[in-house]
Amino acid sequence: MSKDISMTNANIKNSNSGEYKSFKKSKLIGSYTLTTFLILGSVIMIVPFVWMVLTSFDWAARLNIPFPPRFWPKEMTTKTYEAAFTNIPMLRYMFNSLIISIGVIAVSLMSALLSGYAISKLKFKGSMIVLVLALSTMMIPFEMTMIPQYLLFSKIHLLDTYWAFFLPALNYAFGTFLAKSFIDQIPSSLREAAIIDGAGEFKVFFKIYFPLCVPIIATMVILQFLAVWNDLLWPLLALKTPDKYTIQLGLAMFTYNKTTPLPSIIMAATTVSLIPVITLYLFLQRYIVESIALSGIKQ
């Protein structure tokens, strides 16, 4: 009897061992498959960027881009970058984009953080209705509102000024949603204790909650900077003076106003225009996952 029991236990043990090995093998295959797809996706995303950068150093491609594309410059030189800065006021355009980006980020951040704090912690009547109405505006494409917006700024004589960018930034519905979701994770007891000590709502926000919102602030900075820096349609409508052009508008005007295309020079200018975006992202990327995970202080 005991011999049968031991044999049964051995069979069960072998069966469990076989199932474990099969599970481990299938998990390993799944991991390798996922890694392969991620590598392929990364290559697909990186190759065009690498090709653009290498072409920007190819003086032989200043008139025509070779086909099929070559991934090493035929005539390696920095003359393309010299030509880009000579033919395009790059520094001026980048400075204009930087001023607009800083202004839009400052306005949209304050609007989103204050409104998110109010909806999350003040709990006023109809707060969720306000949030839903704000989020519903995200379903309306900008192409549907750009004509009324253009006419509005034309009537109040703010076209061809940077106010045409700063004022619309007050409505940053997605930022309000992000801020509200993040602030929900921060204990309300901090606010209650501060109010008992005599602090007002603005003091509570700026002294307590604002420093704790660094991850979500970094995320919104990246998102807004990318949106403003890469925007072409609204600057094309709002700006008339060439000295006020943004980098994307300046590059577009240079590209379309030339009777003879200058591919490698345009590639050089485009590469330079990406440097601020890449730099900012590298400095702030670690906050994205942290903010999405809503890693605020929990009760």
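Student: First, what counts as buried, exposed or partly exposed here?

Tutor: Buried is under 20% relative accessible area, exposed is over 50%, and partly exposed lies in between (1.4 Å probe, protein chains only). The model is predicted: local features need pLDDT of at least 70, side-chain atom pairs count only at pLDDT 80 or more, and totals for chains, interfaces and linings use all residues. Residues are numbered from 1 along each chain as its sequence is written, and side-chain values use heavy atoms, without hydrogens or water.

Student: OK, salt bridges. How many in the whole structure?

Tutor: Two, from a search of the whole structure. The criterion is a side-chain nitrogen of Lys or Arg within 4 Å of a carboxyl oxygen of Asp or Glu.

Student: What does R191 pair with?

Tutor: E201. Their closest N and O atoms are 2.7 Å apart. R191 sits in helix α8 (residues 188–196) and E201 in helix α9 (residues 201–212), so the pair ties together parts that are 10 residues apart in sequence. Helices here are DSSP runs (H or I, at least four residues), numbered from the N terminus.

Student: Is R191 buried or exposed?

Tutor: R191 is buried, at 17% relative accessible area.

Student: And how does E201 count?

Tutor: E201 is partly exposed, because its relative accessible area is 28%.

Student: Now D184. What is its partner?

Tutor: K180. The closest N and O atoms of D184 and K180 are 3.0 Å apart.

Student: Which class does each one fall in?

Tutor: K180 is buried, with a relative accessible area of 14%. D184 has 32% relative accessibility, so D184 counts as partly exposed.

Student: Why would such side chains pair at all?

Tutor: Opposite charges can pair when the charged atoms of the side chains come close.

Student: Switching topic. Which residues form the nonpolar patch on the surface?

Tutor: M45, I46, F49, V50, I278, Y281 and L282. Together they have about 660 Å² of accessible area, by the Shrake-Rupley method with a 1.4 Å probe. Patch residues have over 30% relative accessible area and no salt bridge, with nonpolar side chains joined within 5 Å (like charges within 9 Å).

Student: Which helices supply the nonpolar patch?

Tutor: α1 (2–55) and α13 (263–284) each give at least two residues. The largest share, four residues, comes from α1.

Student: Where does F49 lie?

Tutor: F49 is in helix α1. F49 counts as partly exposed, at 36% relative accessibility.
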